[in-house]
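Hi everyone, thanks for coming. Let's look at the structure on the screen together, and I'll walk you through a few spots in it.

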Amino acid sequence: MPHIDNNIKLDFKDVLLRPKRSTLKSRSEVDLLRSFTFRNSHQKYSGIPIIAANMDTVGTFEMAKALCKHVAASSGTSPSDLEQLEKILEALPQVRYICLDVANGYSEHFVQFLRDVRKRFPDHTIMAGNVVTGEMVEELILSGADIIKVGIGPGSVCTTRKKTGVGYPQLSAVLECADAAHGLNGHIISDGGCSCPGDVAKAFGAGADFVMLGGMLAGHTESGGELIERGGKKYKLFYGMSSDVAMKKYAGGVAEYRASEGRAVEVPFRGAVGHTLRDLLGGLRSTCTYVGAAKLKELSRRTTFIRVTPQGPPLFGAGD
C-alpha cells in the first residue's frame, strides 16, 4: 500500500525569517567565516561556506580562483571514475576534498562505493550525495562521508521532479538533514533551489553548513559555456549535468534506458562574478543584522521561520 506523509514540507518561497531585536549597529559587524573540523577526515576548514556547483558551466578553474577556498575532485561511481579520481589526486596532492556525486544517493552501490573511497583515501574530506532524508544522511556519514549534499530536484535546470515525480521541498530537506547530520558531528551542503540572496540566508537559517550555487553563479566571465551574442545582447549557456547537452558531450548521447533530467538555458551575461558575490554576501550580512546574529554560525539559532503565501513586492512601470 502507498504511504502518505501528511506533514507539510516547505520550500524557500514558503517562508520568511522573522526579525528580532539586535545589538548590531551595521552589517559590517557581521562575521561570515565558519570553521569546521570534519568527522571522518579530521581535516579543518575555515572560510565563507558558499560553494560553486560541480557543473561544467559553473564549477570551472576560473570560478575556483574567484572563490578560493572550494576545490574538490568530483567523481561518479563507475570503476573508471575511481581510476580517474586516483590519477587526479595523485597528480594534485593539494586537493584534499572529494565530491562523490550521483543523482540518486539512495542506492546500495553508491554506499559501497563511498566505503571503498574512504578506505582508499582515509585523510581526504568526502562530500557525498544527493539525498533528502535524515536516515540516509546518517547512513552516508557512518559509511565514511564528512559532508552530505542535500537536494533532489530543486535546481533551476533540473527536471527530475517533472520526469520522475521524485523530490523533496528544499527548506524541509535542509531542516531534517541538518538535524540528522549534526547529531553525528557531520555537516551538510544545501544543493540547489537558491535563486536570490534571501534563499541562501534561508538555507543557512535552516541549518545548512554550506550552500552550493548553480544558476546564481552561471552566466559570468568565470563560468563555463561559450559566450553567445544575439541582437546586441550577450548570453552564456547553462545546463544540467543530466541534460541532453551534457550527456551528448560526455557520454555520446542519452542512453536508451533513461530520460534526460536536465535542461539547457541561455543566461544573460553578467560580467565578473565578484559583483554577484558582493551582492550575495551583503544580503547575507543584512539578514544577520535583522535577526541579531553577529556571526553566521549564530544564524540558525536566531532563526524563526514564518509561513507565508507566495508573494513579492508590487512592480511599477515607468508610467505609473
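**A buried threonine, and what surrounds it**

Let's begin with T289, which is buried, since its relative accessible area is 19% and the cut-off for buried is under 20%. Keep in mind that this is a predicted model.

So where does T289 sit? You'll find it in helix α9, which covers residues 273-291. Now, which residues does T289 touch, if we skip its neighbours within four places in sequence? The answer is S22, L24, S26, R27 and V30. Take L24 from that list: 265 residues separate it from T289 in sequence, yet from C-alpha to C-alpha they are 6.1 Å apart in space.

Okay, on to the open sheet. It has seven strands, and if you read across it the order goes β4-β10-β9-β8-β7-β6-β5, with parallel pairing. At the edges are β4 (50-52) and β5 (73-75), each of which pairs on one side only. On average, neighbouring strands here are turned by 25 degrees against each other, ignoring direction. Packed on the sheet is helix α2, residues 79-91, which touches β5 and also β6 (97-101). The direction of α2 makes about 170 degrees with that of β5.

Let's zoom in on one pair in there. Strand β7 (residues 125-131) and strand β8 (residues 147-150) run parallel, and four bridges join them. As an example, V131 has V150 in β8 as its bridge partner.

For a contrast, have a look at β2 and β3. How do these two strands run, parallel or antiparallel? They're antiparallel, and four bridges join β2 (residues 34-37) to β3. Opposite R34 you'll see G47 in β3. The two strands form a hairpin with six residues between them, and H42 in this hairpin has a positive phi near 65 degrees.

Here's a handy bit of background: in a regular strand, side chains alternate between the two faces of the sheet. Strand β3, residues 44-47, shows a covered face with Y45 and G47, while K44 and S46 are on the uncovered one.

Last stop, the largest nonpolar core. It holds 84 residues, and the ones touching the most other members are L140, L213 and L217. What does L217 touch, leaving out residues up to four places away in sequence? Its contacts are A52, V58, M63, L67, S223, R270, V273 and L277.

That's my tour, so over to you for questions.

Terms used
Residues are numbered from 1 along each chain as its sequence is written. This is a predicted model: local features need pLDDT of at least 70, side-chain atom pairs count only at pLDDT 80 or more; totals for chains, interfaces and linings use all residues. Side-chain values use heavy atoms; hydrogens and water are left out. A nonpolar core is a set of buried Ala, Val, Leu, Ile, Met, Phe, Trp, Tyr and Cys residues joined through side-chain atoms within 4.5 Å. Buried means under 20% relative accessible area, exposed over 50%, partly exposed in between (1.4 Å probe, protein chains only). Contact means heavy atoms within 4.5 Å. Two strands pair if DSSP finds at least two bridges between them. Axes are lines fitted to C-alpha atoms, for helices over the stretch in contact, and angles run from 0 to 180 degrees between N-to-C directions.
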